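Dear colleague,

My notes on it follow directly below.

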Amino acid sequence: MESAIKTVVTTFLSSTRGKENLEGGAFQKLVKKQLGGMMENADCSSAVKEMQRGLDADNDGKVSFQEYLTLIGYLANSASERKAGANANAS
Ligand SMILES: [Ca+2]
């Protein structure tokens, strides 16, 4: 658990290269390199751009750490829903 949290943090920090936000293509690079197994559209640039816009709560064109956590939370949530769906037959 602790290593997972550290990975979430260090992945963001290494992707921003010292900046506070993921800017330009950094977000897309992160998604393509790190999340291809969890996200169906990770290789589709337009889908990733769309997702970046959706995460960008303050509309500054960049993905802040907080906004990035929204994505992590979303992925964790959908992973747990998939597990729950596999364990129970009912919707
Ligand atoms: Ca933002």
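Helix α1 passes helix α2 in a right-handed crossing, where a crossing is called right-handed if the near helix is turned clockwise from the far one by less than a right angle, and left-handed if it is turned anticlockwise. Helices here are DSSP runs of H or I with at least four residues, strands are runs of E with at least two, and both are numbered from the N terminus. The axes of α1 (residues 2-16) and α2 (residues 26-34) come within 10 Å and cross at roughly 135 degrees; such axes are lines fitted to C-alpha atoms, for helices over the stretch in contact, and the angles run from 0 to 180 degrees between N-to-C directions. The two helices α1 and α2 are therefore oblique to each other, given that angles under 35 degrees count as roughly parallel, over 145 as roughly antiparallel, 65 to 115 as roughly perpendicular, and the rest as oblique. On the α1 side the contact is made by Thr11, Ser15 and Thr16, and on the α2 side by Ala26, Lys29, Leu30 and Gln34, with two residues counted as in contact if their C-beta atoms, placed from the backbone, lie within 7 Å.

Please keep in mind that this is a predicted model, in which local features need pLDDT of at least 70 and side-chain atom pairs count only at pLDDT 80 or more, while totals for chains, interfaces and linings use all residues. Residues are numbered from 1 along each chain as its sequence is written.

For the overall picture, the protein has 4 helices and 2 strands, which follow the pattern α-β-α-α-β-α when read along the sequence. Its C-alpha trace spans about 45 × 30 × 25 Å along the principal axes. Of its 91 residues, 10% count as buried, a word used if 20 or more other C-beta atoms lie within 10 Å of a residue's own, whereas exposed stands for 12 or fewer and partly exposed for the range in between, with C-beta atoms placed from the backbone. Among contacts between residues at least 6 apart in sequence, 32% join residues at least 24 apart.

To return to α1, this helix has 15 residues and reaches 22 Å from its first C-alpha to its last, close to the 21 Å expected at 1.5 Å a residue; the expected span is 1.5 Å times one less than the number of residues. Helix α1 is hardly covered, with a count of buried residues of 1 among its 15. Just after α1 comes arginine 17, which takes a positive phi of about 50 degrees although it is not a glycine. Arginine 17 lies in the loop between α1 and β1 (21-22), and it counts as exposed because it has 9 C-beta neighbours inside 10 Å.

From glutamine 34 to leucine 13 it is 21 residues in sequence and 14 Å in space, C-alpha to C-alpha.

Further along, methionine 51 sits in helix α3 and counts as buried because it has 20 C-beta neighbours inside 10 Å. Asparagine 59 has a positive phi of about 55 degrees, although it is not a glycine, and is exposed, with 7 other C-beta atoms within 10 Å. Aspartate 60 also counts as exposed, with 11 C-beta neighbours inside 10 Å, and its C-alpha atom is separated by 9.9 Å from that of glutamate 23, which is 37 residues away along the chain.

Helix α4 (residues 65-87) has 23 residues and reaches 33 Å from its first C-alpha to its last, close to the 33 Å expected at 1.5 Å a residue. It too is hardly covered, since the count of buried residues among its 23 is 1. Asparagine 77 lies in α4 and counts as exposed, with 10 C-beta neighbours inside 10 Å.

Finally, UniProt lists residues 55-78 as "domain: EF-hand" in an unreviewed entry; its positions are given in the numbering used here, feature names are shortened, and annotations may be inferred rather than shown by experiment. Over residues 55-78 the chain is 62% helix and 8% strand, with the end C-alpha atoms 16 Å apart.
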